[in-house]
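User: Hi! Could you walk me through this protein in plain words? I'm new to reading structures.

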Amino acid sequence: LNAHFETSLEGSISRLDLYSEYLAVCSKLARGGILTSTGFNKCLRTLFPTYTVRRIEDPNNSGQAQIHIVGIQRRATPLPMQSHYQQSPTVPSVMAEITRNTSPS
């Protein structure tokens, strides 16, 4: 999210469009553990704590309202993607010690 979006007082984006873009990127990267929309909104609040939500009536969409996230905008140039998921290395001596201590006597 930080790679593609930034805080902006004038910025606004549809919550549905934002979540759809997240799903598309996860699919493109073949990423598992995809957040539900509720989890995504919680994550969004963590990354962009100052945003507000505004209901916008859309006359072109049969009077349906859209929920917009206000205070976030798409970056003009996305930042390079960084993977924050790292597996912790296994330490052989620790693993050997655990195995030795849990072996039946």
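**Surface, core and strands**

Analyst: Happy to! The protein exposes about 8,200 Å², and carbon and sulfur atoms supply 54% of that area. Accessible areas here come from the Shrake-Rupley method with a 1.4 Å probe, and for residues only the protein chains shown count as cover. This is a predicted model, where local features need pLDDT of at least 70, side-chain atom pairs count only at pLDDT 80 or more, and totals for chains, interfaces and linings use all residues. Residues are numbered from 1 along each chain as its sequence is written, and side-chain values use heavy atoms, with hydrogens and water left out.

User: Thanks! How many helices and strands are there?

Analyst: There are three helices and three strands, in the order β-α-α-β-β-α along the sequence. Helices (H or I, at least four residues) and strands (E, at least two) are DSSP runs, numbered from the N terminus.

User: And what share of the residues is buried?

Analyst: Buried residues are 19% of the 105 residues. Buried means under 20% relative accessible area, exposed over 50%, and partly exposed in between (1.4 Å probe, protein chains only).

User: Which residues make up the largest nonpolar core?

Analyst: That core has 12 residues: F5, I13, L18, Y19, Y22, C26, F40, L44, F48, Y51, I69 and I72. At least two of its residues come from each of β1 (5-14), α1 (15-28), α2 (37-47) and β3 (65-74). With four residues, α1 gives the largest share. A nonpolar core is a set of buried Ala, Val, Leu, Ile, Met, Phe, Trp, Tyr and Cys residues joined through side-chain atoms within 4.5 Å.

User: Let's pick I72. What is I72 in contact with?

Analyst: Leaving aside neighbours within four places in sequence, I72 is in contact with F5, E6, S8, G11, S12, I13, L44, F48 and Y51. Contact means heavy atoms within 4.5 Å.

User: S8 is on that list. Is S8 buried or exposed?

Analyst: S8 is buried, with a relative accessible area of 8%. S8 lies in strand β1, and with neighbours within four places in sequence left aside, its contacts are G71, I72 and Q73.

User: So how do the strands pair up?

Analyst: β1 and β3 pair in the antiparallel sense over six bridges, and T7 stands opposite I72 in β3. Strand β2 (residues 52-57) also runs antiparallel to β3, joined by six bridges. There, T52 has V70 in β3 as its bridge partner. Two strands pair if DSSP finds at least two bridges between them.

User: New topic: how many aromatic pairs are there?

Analyst: Three. In one of them, the rings of Y22 and F40 have centres 4.9 Å apart and planes at 35°, so the pair is tilted. Rings of Phe, Tyr and Trp (its six-membered ring) pair if their centres lie within 6.5 Å; planes under 30 degrees apart count as stacked, over 60 as edge-to-face and the rest as tilted.

User: Where do Y22 and F40 sit?

Analyst: Y22 is in helix α1 and F40 in helix α2, 18 residues apart, so this pair links distant parts of the chain. Y22 is buried at 16% relative accessible area, and F40 is buried at 1%. Y19, Y22 and F40 form one aromatic cluster.

User: Last one: what about A30?

Analyst: A30 is found in the loop between α1 and α2, and A30 is exposed, with a relative accessible area of 70%. A30 has a positive phi of about 50° although it is not a glycine.
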